Structures are given as C-alpha cells and as structure tokens.
Amino acid sequence: MSRMKTYDGPVSDHFDGLTFFDPDGAPPRSLGEVLRWQLGGRGQRADWPDWVPNPHSDTPPARVEGDKVRLSFVGHASWLIQTGGLNILVDPVWSSRVSPVSFAGPKRHNDPGIAFEKLPKIDIVLVSHGHYDHLDIATLSRLAKNFAPRVITPLGNDVTMRSADASIKAEAFDWHERVELGGGIAVTLVPTRHWSARGMFDRNKALWASFVLETPAGKIYVVCDSGYGDGGHFRRVAEKHGPLRLAILPIGAYEPRWFMRDQHMNPEDAVKALDDCGAQQALGHHHGTFQLTDEAIDAPAKALVEALDAAKIPQERFVAMKPGQVVEI
C-alpha cells in the first residue's frame, strides 16, 4: 500500500505524537533535493549489466543446532541466519522489483542466493523498516502462507503489513526493546541513522531500527540501512551490547554523496563503523542486487578493499558478500 496509517502511541524522545525522528540523526531529503538529484545528475549514473549470474547458490540445512551460527546471504539486505534450532530471515525480498508497482522501479540484477523453494521452515522474520527494498509484502505473504513465522519489526510497520495481508503475524517493538525468540535466542531493536516511508505522505510515520541478535556463538549486530554521522550510533551499541562477535554492515547505495550521506554509508564509513562497534568480524551487504543510486555495480566491493587497506585492517576481517555465499561462526 502506498500510504501507511499513522502509528498511535505515546510521545517519546523519538516520537512527537505524529512522526518518528532520530535525536542524533538527520531528516530525510526534501522533494526538491530528490528532484535535483534525479533530474540534474543523471549523466553521473553508472550503467549496470542487465543480469549477473550468481557464482554461488545455497541449499540450507533444515536446522543448525548447538553453538554454531550459519549465515547465508540471499542478496541486498536479505539473510538467512540459522542458530540454536531457529531459522531467521532478515529483510526478506524475493520479488523481482522493489517498488509500489510490479512494472516499474528498481529491478533485480541477480537471482536470490537461495531459491524460495529451498528455504527451510522459517520461524522468525526481522524487518528493519518500511522502504520497499526491505519490507516486501509479496515475500512476507509467501512466507506467511508457507511457514506462518513471527515477524518482528519496529513500531508502525506492523500496520503496513497487516493492512496488506492479515495473515502476516507482525509484532511491533520500540527501540531498546528485547524480544525472546526461543531456544535462548533473543533480539534487541536499536537506533540506526535512517528514516522510513512507503509513499509521498507518510514519511517517518513508522519507526526504523537495527538489530542485535543474541546467539550461542555471540552477538550479531545486523545493520540493514544506516548513515554514519559521527559514529555515535555504533559506539553506543558497543557500549550497551558489546562485545560483538559479528557485524553485518551496509556498503552500497551511497552516490551521489551529497544526497546519500545521511542515510547510507559508503565503504569508508562502514570501515569506521566496524571500528566503532568493535565487532570481531564484519560482512558487507546492501550492494550489487538493486540499483538504487549512482555508483557502479562493483564499486562498493572495490572501495571496501581500498578502505580496509587505508585503515590497515586485514581484508579477511570485513568481506563483501555475494548472493549464495555462506559464513559459519
């Protein structure tokens, strides 16, 4: 749906009664700035190949027990995380476009790293915010029909989901709320430097968040979308939730920098975020699947290598993932 209903809840330090805001963030760009980018800078937009076959494809096991975590990269910001006998999807998008309409908008340039038919039974879905490349109603409806998972999401996004499909079992939570998922696994929603909308008239009417996932192998900090700012969001997560075993950090959708700086990190920012949050290791995502911005399809991965070298951080500590690749910790 193009217009979310307004969240109805008490005023807080990040909700004024009508809209959400980040006290340490930045407001979304104005319509005038959007037009300046879209109409004034199109000559700077890189051409992406129409289709890039995946070198990897994953067939996950039914469950992962014990103290291991298996992470499979589906593409863009979508992950399957298997641990403690639970199967958890993050920001699942199997649709061919991320748009309010099926015939226009950013389209996929590669297959999902896991075919939908090869998914194990999904127990939990984490949805970070309402943008179409993260909250995909078509995929959530397929998951509800096949598996009926719990869907954990920030305040207001539950309204979006249930208004479109009442069978989606959405549960909404505020920043800093901790949710028990079962089997000793829990997730805490934490502030992130971003915003949310589904249409022209619902900016920040629903909340956005990152996730700290508690697993038998340690805590995993899942950042689906974020600007860097002064790094305070990442340092506060380290202070409140550290030590972190792994960080999943976005590295794409960052050009032109004047427009994207406040909402999307570039690889140099992501390397600083890794240092700030103190995670032992990081995986890079949010690149190479949907062309949302101006950089080339392979620019984020190349820039990550350069940023790690400049920061004197070993390349193996922060890897740009490709769809279908698997990491076990």
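This is a predicted model: local features need pLDDT of at least 70, side-chain atom pairs count only at pLDDT 80 or more; totals for chains, interfaces and linings use all residues.

Helix H4, residues 232–241, packs against helix H6, residues 267–277, at an angle of about 25°, with the axes 7 Å apart. That angle makes H4 roughly parallel to H6. The crossing of the two, H4 and H6, is right-handed. From H4, the residues in the contact are Phe 234, Arg 235 and Ala 238, and they meet Ala 273, Asp 276 and Cys 277 of H6. By class, the contact of H4 with H6 has 4 nonpolar residues, 2 charged and no polar.

Next, the aromatic rings. The whole structure has 9 aromatic pairs. Take Trp 175 and Trp 208: the ring centres are 6.2 Å apart and the planes are at 80°, so this pair is edge-to-face. Trp 175 sits in the loop between strands S6 and S7, and Trp 208 in the loop between S8 and S9, so the pair ties together parts 33 residues apart in sequence. Both Trp 175 and Trp 208 are buried.

Trp 258 and Phe 259 also form an edge-to-face pair, 5.5 Å centre to centre with 85° between the planes. Trp 258, at 29% relative accessibility, counts as partly exposed, whereas Phe 259, at 5%, counts as buried. Elsewhere, ring pairs link Tyr 7, Phe 15 and Phe 20 into a cluster.

Ile 124 is in strand S4, residues 124–126, and counts as buried at 2% relative accessibility. Leaving out residues up to four places away in sequence, Ile 124 touches Asn 87, Ile 88, Leu 89, Pro 149, Arg 150, Ile 152 and Leu 181.

Note on methods
Residues are numbered from 1 along each chain as its sequence is written. Side-chain values use heavy atoms; hydrogens and water are left out. Axes are lines fitted to C-alpha atoms, for helices over the stretch in contact, and angles run from 0 to 180 degrees between N-to-C directions. Helices (H or I, at least four residues) and strands (E, at least two) are DSSP runs, numbered from the N terminus. Angles under 35 degrees count as roughly parallel, over 145 as roughly antiparallel, 65 to 115 as roughly perpendicular and the rest as oblique. A crossing is left-handed if the near helix is turned anticlockwise from the far one by less than a right angle, and right-handed if clockwise. Contact means heavy atoms within 4.5 Å. Ala, Val, Leu, Ile, Met, Phe, Trp, Tyr, Cys and Pro count as nonpolar, Asp, Glu, Lys and Arg as charged, and the others, Gly among them, as polar. Buried means under 20% relative accessible area, exposed over 50%, partly exposed in between (1.4 Å probe, protein chains only). Rings of Phe, Tyr and Trp (its six-membered ring) pair if their centres lie within 6.5 Å; planes under 30 degrees apart count as stacked, over 60 as edge-to-face and the rest as tilted.
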